[in-house]
Amino acid sequence: MSIGLAMYGVSVCQYLFYVMAFPRDRRLIKCVVLLVFVLDTINTVTSLSFCCRTLVLCRWTTTYACMLQLSWDLSTNLGSRFVVSFLVQCFYAHRVWMICGRSKLLTGIVLLAALAALIFGMLMLQDMYNTRDIGNLFTSPYSPANAMASAVCDGLITTSIYLSLRRSRSGLQLRKENCVTKLNIIFIQMGMITFLSALTMTILSYQNKPAGEYFTAAPGFMLSKAYSSSMLAILNARNLVDNRQQISLVPPSEFPALATIR
């Protein structure tokens with residue numbers, strides 16, 4: 001919980017920096033960023049509401065409504081997490097399209113994996129609504145399928161962008177190579193956070209012991225914040241590219257497509 005709240009604080013700072021640093025971005029980009037930030041805020045508030053109700057208000061109560069019944073805050077939390085993951089993965093799919101030579105095959109695979117994760121998540125929510133039992137969150141076959149699809153999508157995005165930026169370094173001057181290296185590090189760090197979170201959920205979902213399944217709530221709480229922070233970090237990284245271009249007087253066309261995203 002504390003790690004998730006710290007990551008939300010990072011997202012708030014990243015969003016404020018984005019609003020001040022890039023006021024001329026296209027309206028579509030700004031609307032997507034705002035939507036992701038609002039959904040992540042809803043995810044954080046509903047997480048706090050669910051924990052407060054479960055650990056404080058229902059501490060001395062063992063009724064079905066407190067212990068097992070699906071609540072509005074948990075369902076809203078899960079729904080917002082699935083939508084945030086899908087939006088950010090679509091954002092990254094567009095970056096894959098621009099950076100990886102406009103590969104239709106690779107972009108299509110990334111989009112299919114992102115769509116599969118969203119569908120599996122919504123099917124899991126439907127199962128929980130039909131039974132009104134939060135236990136389906138840990139027993140539904142769609143839960144590990146959702147986590148696995150997200151992990152595959154994030155792994156494809158991280159690997160493809162890393163390889164493309166690594167190839168683009170060949171033949172560059174030292175200053176330009178250093179800039180591309182920093183961009184690559186940012187992509188890898190942000191991609192690995194979301195990939196490892198989704199992979200951890202997948203592994204814990206297949207634990208034989210019931211306690212292992214309940215541990216999926218820990219990375220699940222952080223996943224929405226990881227996606228939101230990663231998208232904002234990538235957008236704000238354009239400030240690094242712009243500053244490097246002004247210092248080294250490098251034409252924008254010689255940098256990866258990230259610097260021209262508006």
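The dialogue below takes up how terms are applied to a predicted model.

Colleague: What makes a residue or an atom pair count here?

Modeller: In this predicted model, local features need pLDDT of at least 70 and side-chain atom pairs count only at pLDDT 80 or more, while totals for chains, interfaces and linings use all residues. Residues are numbered from 1 along each chain as its sequence is written, and side-chain values use heavy atoms, with hydrogens and water left out.

Colleague: What is the secondary structure of the protein chain?

Modeller: The protein chain has eleven helices and zero strands, where helices (H or I, at least four residues) and strands (E, at least two) are DSSP runs numbered from the N terminus. Its elements run α-α-α-α-α-α-α-α-α-α-α from the N terminus on.

Colleague: Why is Val84 called buried?

Modeller: Buried means under 20% relative accessible area, exposed over 50%, and partly exposed in between (1.4 Å probe, protein chains only). Val84 has 0% relative accessibility, so the residue counts as buried. Val84 lies in helix 4, and its C-alpha is separated by 7.1 Å from that of Tyr227, 143 residues apart along the chain. For the protein chain, 48% of the 262 residues count as buried.

Colleague: How do you know that the length of helix 4 agrees with its residue count?

Modeller: The expected span of a helix is 1.5 Å times one less than its number of residues. For the 28 residues of helix 4 that gives 40 Å, and the end C-alpha atoms are 40 Å apart, so the two agree. Helix 5 also has 28 residues; it reaches 41 Å from first C-alpha to last, close to the 40 Å expected.

Colleague: Which residues of helix 5 are buried?

Modeller: The buried residues of helix 5 include Thr107, Val110, Gly121 and Met128.

Colleague: What stands out about the phi of Arg102?

Modeller: Most residues other than glycine have a negative phi. Arg102 is not a glycine, yet its phi is positive, about 55°. Arg102 sits in the loop between helix 4 and helix 5 and is exposed, with a relative accessible area of 52%. Arg132, which follows helix 5, has a positive phi near 55°.

Colleague: What makes a space a cavity or a pocket?

Modeller: On a 1 Å grid over the protein atoms alone, a cavity is a set of points where a 1.4 Å probe fits but cannot get out; a pocket is an open set with protein on both sides within 12 Å along at least five of seven lines, and lining residues have an atom within 4 Å of a point. Grid points are joined across faces, edges and corners, and a volume is the space filled by probe spheres set on the points. The count is two cavities of 30 Å³ or more.

Colleague: How is the second largest cavity lined?

Modeller: The second largest cavity holds about 60 Å³. Its lining includes Arg81, Phe82, Ala114, Asn146 and Leu223. Helix 4 (72-99), helix 5 (104-131) and helix 7 (142-168) each supply at least two lining residues, and helix 4 gives the largest share, five. Ala, Val, Leu, Ile, Met, Phe, Trp, Tyr, Cys and Pro count as nonpolar, Asp, Glu, Lys and Arg as charged, and the others, Gly among them, as polar. On that basis the lining has six nonpolar, four polar and one charged residues.

Colleague: What lines the second largest pocket?

Modeller: Its lining residues include Arg26, Leu28, Cys90, His94 and Met231. Helix 2 (27-57) and helix 4 are the elements that give two or more residues to the lining of this pocket. Helix 4 gives the most, with five. The volume of the second largest pocket is about 160 Å³, and its lining divides into eight nonpolar, one polar and two charged residues.
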